[in-house]
Amino acid sequence: MRRGGWHVLREGARVTVARLVPVRFDVFAETRLPRAGRERVAQQVRQDLWRALQRQRGFSPVVEVEAVEDGLIVRAGGRVDAAQYDRAGIEARIADMLEAPSRRRRWVRMAGGQG
């Protein structure tokens, strides 16, 4: 389903939000969060990811959220359509964003979870 210019893909316990399909993770980082609404977490993370990397030439965000027994696994990153880019640097920026305590609390709170 396409929503507001974004594809929302649902597959079992996994929800993926992406601008372009097929989904491609040229860069990514992962984190775990407490149980919360998967699609809402994906949308919140996607917004912050876009803000963090909007100046990266050729970047198109993808966020995948999977429900597991003890919470959520969040994979954030996306496609980079550029001949050359600093993969390690971009992945470090994504990881920093995913581990920011204030963001993590907001994502879970906005998605109706604990934390």
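Predicted model: local features only at pLDDT ≥ 70, side-chain atom pairs only at ≥ 80, totals over all residues.
Residues are numbered from 1 along each chain as its sequence is written, and side-chain values use heavy atoms, with hydrogens and water left out.

View 1. Helices (H or I, at least four residues) and strands (E, at least two) are DSSP runs, numbered from the N terminus. H2 has 13 residues and spans 18 Å from its first C-alpha to its last, close to the expected 18 Å (1.5 Å times one less than the number of residues). Ile90, Glu91, Ile94, Met97 and Leu98 are buried in H2 (under 20% relative accessible area; exposed is over 50% and partly exposed in between, with a 1.4 Å probe and protein chains only). These residues lie on the same side of H2 because they cover an arc of only 120° around the axis, taken from the directions from the helix axis to the C-beta atoms. The face turned away from the buried side carries the exposed residues Ala88 and Asp96. Among the elements that cover the buried residues of H2 are E4, H1, E6 and H3.

**View 2. Where H2 meets H3.** The axes of H2 (residues 87-99) and H3 (residues 101-110) come within 5 Å and cross at roughly 60°. Axes are lines fitted to C-alpha atoms, for helices over the stretch in contact, and angles run from 0 to 180 degrees between N-to-C directions. Met97, Leu98 and Glu99 of H2 meet Pro101, Arg103, Arg104 and Trp107 of H3, where contact means heavy atoms within 4.5 Å.

**View 3. The largest nonpolar core.** This core has 27 residues, and Val41, Val45, Leu49, Val63, Val74, Ile94 and Leu98 have the most contacts inside it. Such a core is a set of buried Ala, Val, Leu, Ile, Met, Phe, Trp, Tyr and Cys residues joined through side-chain atoms within 4.5 Å. H1 gives the most to this core, with five residues. Apart from neighbours within four places in sequence, Ile94 touches Val27, Phe28, Ala29, Leu49, Leu53, Ala76 and Gly77.

**View 4. Ala13 in a loop.** Ala13 sits in the loop between E2 and E3. Its relative accessible area is 34%, so Ala13 is partly exposed. Leaving aside neighbours within four places in sequence, Ala13 is in contact with Arg38, Val65, Glu66 and Ala67.
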